[in-house]
Amino acid sequence: MKVLVIEDEPALQTAIRQYLEQQGYICETAPDFPQAMAKVNDYDYDCIVADIGLPQGNGLDIIKELKALESEAGIIIISAKDSLEDKLSGLDLGADDYLTKPFHLSELNARINAILRRKHFDGNTNIHFNEIRIAPGSKAVFVKDTPLTLTSKEYQLLLYFIANQRRVVTKTALAGHLWGDAYDQAGSYDFIYSHIKNLRRKLLEAGGEDYIKTIYGTGYRWSDQ
Amino acid sequence: MVPATAGLINKPGCMRPMKLLTQTTIYFLLLVLPLLTISTFYLFSQFNKEIGHEIDEELLNDQIQWLRYMDTVSIHSPVFQLSTPEFSLQPVTRPAQAKPVLESVMLYQDIEGKKTPYRQLTQVLSIHNNSYLLTIRKSLIERDDLIKNIFIVMLIVFGGLLIFILLLNRMLSKRLWRPFYQSLEKLHGIELKKMESVSFTPSSIKEFNQLHTALTAMITRIHADYKSIKELTEDAAHEMQTPLAIAESKLELLLQDETLSDAQLHAIAQSSEALERLARLNHSLLLLAKIENHQYDTSQPESLQHVTKQYLGLLDELIKDKKLTLETQLTHDTSWQMPAALADMLISNLVGNAIRYNYTGGKIRLQLDDQQFSISNTSSWPAIPQQQLFQRFKKGGAVLDSSNGLGLAIVKKICDTYNLPISYYFENGVHTFTISRFSTNSKPSFAA
C-alpha cells in the first residue's frame, strides 16, 4: 500500500512516515505544493495525507487536482486550523476524513486503514490476525470460526488494536478514538479499562490468545510476540 | 452592541424615546397652537372693538334724527314724555349737556327674564327752554351672538388648517425619511461575516447620502478588523498546534522503542498527556476568542434537545462508570436552536462538569423545555463563590488534573453572546445551573 504524506513540517513529516512504515506502508513525502502536485500527477497512491496550509499553495487544491485526475486514492486532510469551513469544504471536495493537529499517529493510522479497507475491498475483505477473523462488512468477529458477540465499543477497540498491532497505544489515544472530543469531559480514562477487560475476556473464552499487553500507566500493546 | 445603546437612551430619568415623526409633530403643535390661540383672540377683540364702534355711531346717528324731529314737533306740544326700552324722553330740571354720554348698561328684560347688555346714549337737552333727558339704547345681544359665530367659524377654520398641516407634515416626513428607515433596517439585519456585501441605495437627500458614505466606511473598517482578528486567531492556532503536533508525534514514536523500561514509557506517556492538555487549553482559549469575535458558523442551527441526547449517549459510559443516577426531563418538541458548534460546547461542558465533579453513586438531574435548560448534580465540592463562578482558570479553590478551568467561562461566553441569562445556585450539596431561553427585558438578539 502506497501512502503520500504532504506535510511541510519536516519533523512531523518524518514522524508520520516512520510510524506508517512501521505498520508496513510504503511511504512517500512532499514538503510543499509544487512537489505534491508533481507526485500526485506522476504516481498512483492508495492514500494521500495532506496538510491544508502548505508553502506555495493550499492542500484543498491538491484534492481538486486528484478529483480532476479521477484518482481512486483515499484522502485525509490534516490541519492545524480547527476551522469548520476548511473541514466542510475539504469534505465537500471529496476528502474522506479530516484530522485536526495535534493527533495521535495511531489514530491517523487507524483512519488510513479504515479508508483503504472501504476503498479497495469494498469493506468485504476479511481482516485476519492469527486465529481472529473480522468481517468488516457485517461487523462479525470469529475466533477459530467461533462467532463472538462484541459491543460496538469493543469492536472498535479490536479494529484499532489490529490496525496498530505491535505498537504502544496510549489510553488517551484509545479514549479519543472511541469517544471523540467527549472524552475531554471524563476527567479520567479508567472507564477504558473495563472495555478492554471485557474484550480480553471474550477473546479468551472463545479460545483465543491473550494479545493485549498492559503497559503500566501508559497504555496497551496488541502483540503476538 | 444593540442593548448598550438601548441602555443609554433608557437611562433612568430620561424621557422614553419617541419616533422622530412624533417628536416633530409635537414640536410643531407646541409652536402652532399658541400662535393660533393668540391670533384668534386678536381677531375676536378687533371684531369686538369694530362692532362697538359701529353701534356707538348708530346711537349718535339716532340721536341726531331725534333732535331734528323734536325741533320741528315741540313747537305745538310743549311737554314730552316718552318711555320705551329703546328710547325715552323725560323732562328734567338739570341744565342741558353739550355732549351725549355713551355707556354700557345691564337692564332687566321681561321676555328673557334676566339682565341683558345694552349700549345707551344719554343727554340732557334743552328744547324750547325745557330740559329733557334723552335716552337711546341698543341691545348688545345680537352683537354677542355675532361675535360668538365669528369665533366658532374661526375655530373651525383654524382647526381644519391644523389637521391638514399635521397630516401633510406626517405624510411628507414619512416620505422624506423613508430612505433612512430603509438603511436602518439594513443595519439591523447586518451580519459580521456578510458585512462587505451591504450597500445602501442612494437617496435624493444629501444628509442621508452623507450618512450612507460614513456607514459604508465604518462597515468596511469593521469588516477589515473582523477579518484580521479572524486570521490572527486562526494563524495563532496554526502556530501553536504545529509544534504540539510535532512533539506529540515524536513522543508516540518514542513509545514504540522496545528497549525502554516501563518507568521510561510511563514518563513519556505522562509528557504526552501533558502536551495534550496544553493543546486542549490552547483550543479552548481560541474558542473563547472565536466566540467573542463572533467567528463561529451560524449557518447550521441544531436543536438543543438533540445535542443534549447526543452527549448523554456519548457520556453514557462515564455516567455508568461512576454509578450515577440520571434523571432527565426532556420535552420532545422544543424549538430551541443554536448553531451546532456552540450547542456542542455548551452542553458538553455542562454535562461533562456534572459528571466530573460528581461522586460515585451521585445524581444528575437534567431538564429541558421551551423555557429553560437546567442541570443539577450532587457533588462533594463546596459551592462555587459567585465572584469567581465564570472566571477563567478559577476552579473553586481547588484543581482537578484534567480540568483546564475554562469550561464555565466558555459556557458563560456563549450565554452572553446569545443574551441567555444563566444562573447558578447551590443547596444541600446540589449544584444547579439554569439557562433561560428568553431574558426578562429583551428578546435574544440572535435569530438563528
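Q: Which residue does UniProt place the "modified residue: 4-aspartylphosphate" feature at?
A: UniProt places that feature at D51(A), in an unreviewed entry. The model itself is predicted.

Q: Where is D51(A) in the fold?
A: D51(A) is in strand β3 of chain A, which covers residues 47-51.

Q: Buried or exposed?
A: Buried. D51(A) has 24 C-beta neighbours inside 10 Å, and 20 or more is enough to count as buried.

Q: Switching to helices. At what angle do α1 and α5 of chain A cross?
A: Roughly 55 degrees. Helix α1(A) spans residues 10-22 and helix α5(A) spans residues 105-120. Their axes come within 10 Å.

Q: What do you call that arrangement?
A: α1(A) and α5(A) are oblique to each other. Their crossing is right-handed.

Q: Which residues meet there?
A: From α1(A), they are A15(A), I16(A), Y19(A) and L20(A). From α5(A), they are L105(A), L108(A) and N109(A).

Q: How many of those are nonpolar, polar or charged?
A: The contact of α1(A) with α5(A) has 6 nonpolar residues, 1 polar and no charged ones.

Q: OK, A173(A) next. Where does A173(A) lie?
A: A173(A) lies in helix α7 of chain A.

Q: Why is A173(A) called buried?
A: Because 26 other C-beta atoms lie within 10 Å of A173(A). The cut-off for buried is 20 or more.

Q: How far apart are A173(A) and L105(A)?
A: In sequence, 68 residues. In space, A173(A) and L105(A) are 8.8 Å apart, C-alpha to C-alpha.

Q: And which residues does A173(A) touch, not counting those up to four places away in sequence?
A: A173(A) touches H104(A), S106(A) and E107(A).

Q: What about helix α7(A) and its packing with α6(A)?
A: Helix α6(A), residues 152-163, packs with helix α7(A), residues 171-179, at about 130 degrees. Their axes are 10 Å apart. That angle makes α6(A) oblique to α7(A), and the crossing is right-handed.

Q: Which side chains' residues meet in that pair?
A: K153(A), Q156(A), L157(A) and Y160(A) of α6(A) meet L174(A), H177(A) and L178(A) of α7(A). By class, the contact of α6(A) with α7(A) has 4 nonpolar, 2 polar and 1 charged.

Q: Now chain B. How many residues of chain B are in contact with chain A?
A: 39 residues of chain B are in contact with 39 residues of chain A.

Q: Which element gives the largest share on chain B's side?
A: α4(B), with 14 residues. Elements giving two or more residues include α4 (206-255), α5 (262-292) and α8 (340-356) of chain B.

Q: What classes make up that side?
A: The side of chain B that touches chain A has 16 nonpolar, 11 polar and 12 charged residues.

Q: How do α4(B) and α5(B) sit against each other?
A: Their axes come within 10 Å and cross at roughly 165 degrees. Angles over 145 count as roughly antiparallel, so α4(B) and α5(B) are roughly antiparallel. The crossing is left-handed.

Q: Which residues make that contact?
A: Among them are A236(B), M240(B) and L244(B) of α4(B), and I268(B), L275(B) and A279(B) of α5(B). The contact of α4(B) with α5(B) has 16 nonpolar, 5 polar and 3 charged residues.

Terms used:
Residues are numbered from 1 along each chain as its sequence is written. Chains are lettered from A and ligands numbered from 1 in the order in which they are written. This is a predicted model: local features need pLDDT of at least 70, side-chain atom pairs count only at pLDDT 80 or more; totals for chains, interfaces and linings use all residues. UniProt positions are given in the numbering used here, feature names are shortened, and annotations may be inferred rather than shown by experiment. Helices (H or I, at least four residues) and strands (E, at least two) are DSSP runs, numbered from the N terminus. A residue is buried if 20 or more other C-beta atoms lie within 10 Å of its own, exposed if 12 or fewer, and partly exposed in between; C-beta atoms are placed from the backbone. Axes are lines fitted to C-alpha atoms, for helices over the stretch in contact, and angles run from 0 to 180 degrees between N-to-C directions. Angles under 35 degrees count as roughly parallel, over 145 as roughly antiparallel, 65 to 115 as roughly perpendicular and the rest as oblique. A crossing is left-handed if the near helix is turned anticlockwise from the far one by less than a right angle, and right-handed if clockwise. Two residues are in contact if their C-beta atoms, placed from the backbone, lie within 7 Å. Ala, Val, Leu, Ile, Met, Phe, Trp, Tyr, Cys and Pro count as nonpolar, Asp, Glu, Lys and Arg as charged, and the others, Gly among them, as polar.
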